[in-house]
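Please look through the structure shown below before reading on. The paragraphs that follow go through it part by part.

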Amino acid sequence: METAFATTATFPDRRMRRLRMTATLRSMVRETSLSKDDFIYPLFAVPGRNFRREVPSMPGVFQLSVDELVRECTEVHSLGIPAVILFGIPEHKDEFGSEAYSDNGVIQEAVRALKREIPELLVITDVCLCEYTSHGHCGIVRGDEIVNDESVELLVREAVSHAAAGADIVAPSDMFDGRVKAIRSALDENGFTNLPIMSYAAKYASGFYGPFRDAAESTPKFGDRRSHQMDPANADEAVREVELDILEGADIVMVKPALPYLDIIRRVKDTFHMPTAGYNVSGEYSMIKAAGRNGWIDEQRVMMEVLTSIKRAGADLILTYFAKDAARLL
Ligand code: PBG
């Protein structure tokens, strides 16, 4: 078998440590470099004014009213972070998540305000119903089933409403079948042919979303998300999920969570060569924050190591609550 190495180049002729001896050499041969351009910063918008509440399980992450969100995004933008992704918490929740697709919903207001105040900041909207439904599920519930096709119709309305408000990218996070295709056609019909879709293409039913559900107040009141999100044990299935989203029109494909699924990020990148995003989710963030606060790990060092690993695995883009902290170090 052919090897990548010349056969003579073994110890003592070959000493791997030679290129590790100084910081300059190490940086010259470094294969992966993290950049602020890779980051997408997630934010939680709530109704009202002058409202800023820290999420107890996510130190440094806040629920923000639109005015506060604009202030926060001014800082995000000045740190050199190119993009944010917005999650909304409505005034009232109902069975059909009506505020998700109301043109006066909190996300629609937030997008309009951000595009008016900081037009250069790229605004992505998360398209899902779980934050907006009284039961906390991502779609319409009938009996004990979360129904697919009718829920997709609502997601389509939500995506078009976000686009009309001025969103730069829409990001469906529900994992229902056929939603990318439906959203693509509706965007096109409404004149948004140039608006990209970033699909949560391989999204796993993960315990790592716990803190997010506190932040977004979206914990399901009964049942779970296993009938639409993926089984953590599956990898081939992720490839099929991603392929379908690409065929349906996704422009960027996401793997979520990131850290326990680095193998999936790598496979998706190598298989499809698409712009690929990894979502370094809430639980991944909270674990590092908690251990750092306890003095059990060096928080900054571990943060940079984790973000680098996601990039090294093949992600072009990283959604991360660490974006501000990391940008300050870069
Ligand atoms: C669904 C959505 C979730 C996350 C992003 N979009 C939660 C879920 O599926 O329950 C999780 C993100 C995180 O944990 O940081 N709208």
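Asp38 has a relative accessibility of 7% and therefore counts as buried, where buried means under 20% relative accessible area, exposed means over 50%, and partly exposed lies in between (1.4 Å probe, protein chains only). This is a predicted model, in which local features need pLDDT of at least 70 and side-chain atom pairs count only at pLDDT 80 or more, while totals for chains, interfaces and linings use all residues. Residues are numbered from 1 along each chain as its sequence is written, and side-chain values use heavy atoms, with hydrogens and water left out.

The side chain of Asp38 forms a salt bridge with that of Lys311, at 3.1 Å from N to O. A salt bridge here is a side-chain nitrogen of Lys or Arg within 4 Å of a carboxyl oxygen of Asp or Glu. This pair links distant parts of the chain, 273 residues apart: Asp38 is in the loop between helix H1 (23-28) and strand S1 (39-46), and Lys311 is in helix H10 (residues 299-313). Helices (H or I, at least four residues) and strands (E, at least two) are DSSP runs, numbered from the N terminus. Side chains of opposite charge can pair when their charged atoms come close. The structure holds 23 salt bridges.

Which residues of helix H5 (residues 179-189) are buried? They are Arg179, Val180, Ile183, Arg184, Ala186 and Leu187. The buried residues of H5 pack against helix H4 (149-165), strand S8 (169-172), strand S9 (198-203) and helix H7 (236-248). After H5 comes Gly191, which has a positive phi, near 90°.

Arg179 pairs with Asp245 in a salt bridge whose closest N and O atoms are 3.0 Å apart. Distant parts of the chain are linked by this pair, with Asp245 in helix H7 and Arg179 in helix H5, 66 residues apart. Both Asp245 and Arg179 are buried.

Another salt bridge joins Arg184 to Asp188, again with 3.0 Å between the closest N and O atoms. Here both residues, Arg184 and Asp188, lie in helix H5, four residues apart, which is about one turn of the helix. An α-helix has 3.6 residues a turn, so residues three or four places apart point the same way. Arg184 counts as buried because its relative accessibility is 13%, whereas Asp188, with a relative accessible area of 34%, is partly exposed. Elsewhere, salt bridges that share partners join Arg52, Glu68, Arg71, Glu72, Glu75, Lys289, Glu299, Lys324, Asp325 and Arg328 into one network.

The next topic is the ligand. Which of the 19 residues around the ligand come nearest? These are Lys203, Arg213, Lys256, Ser282 and Tyr321; a residue is near a molecule if one of its heavy atoms lies within 4 Å of it. Lys203 has a polar side-chain atom 2.7 Å from an oxygen atom of the ligand, and Ser282 likewise places a polar side-chain atom 2.7 Å from a ligand oxygen. For Asp126, a polar side-chain atom lies 3.2 Å from a nitrogen atom of the ligand. The protein covers 100% of the 400 Å² of accessible area that the ligand has on its own, with areas taken from the Shrake-Rupley method and a 1.4 Å probe.

Two serines come next. Ser218 sits in the loop between helix H6 (210-215) and H7 and is buried, at 1% relative accessibility. Apart from neighbours within four places in sequence, Ser218 contacts Cys130, Glu131, Gly136, Phe212, Arg213 and Arg225, contact meaning heavy atoms within 4.5 Å. Ser65 belongs to strand S3 (residues 62-65) and is buried at 0% relative accessibility. The side chain of Ser65 reaches the backbone nitrogen of Asn50 at 3.1 Å. Leaving out neighbours within four places in sequence, Ser65 is in contact with residues including Val46, Pro47 and Phe51.

Leu259 is in the loop between strand S10 (252-256) and helix H8 (262-272). At 29% relative accessibility, Leu259 counts as partly exposed. Setting aside neighbours within four places in sequence, Leu259 contacts Glu284, Val306 and Ser309. Between the C-alpha atoms of Leu259 and Glu31, which are 228 residues apart along the chain, the separation is 19 Å.

Note on methods: A polar contact is a pair of N or O atoms within 3.5 Å; within protein, one must be able to donate a hydrogen and the other to accept it, and residues adjacent in sequence count only if both atoms are side-chain atoms.
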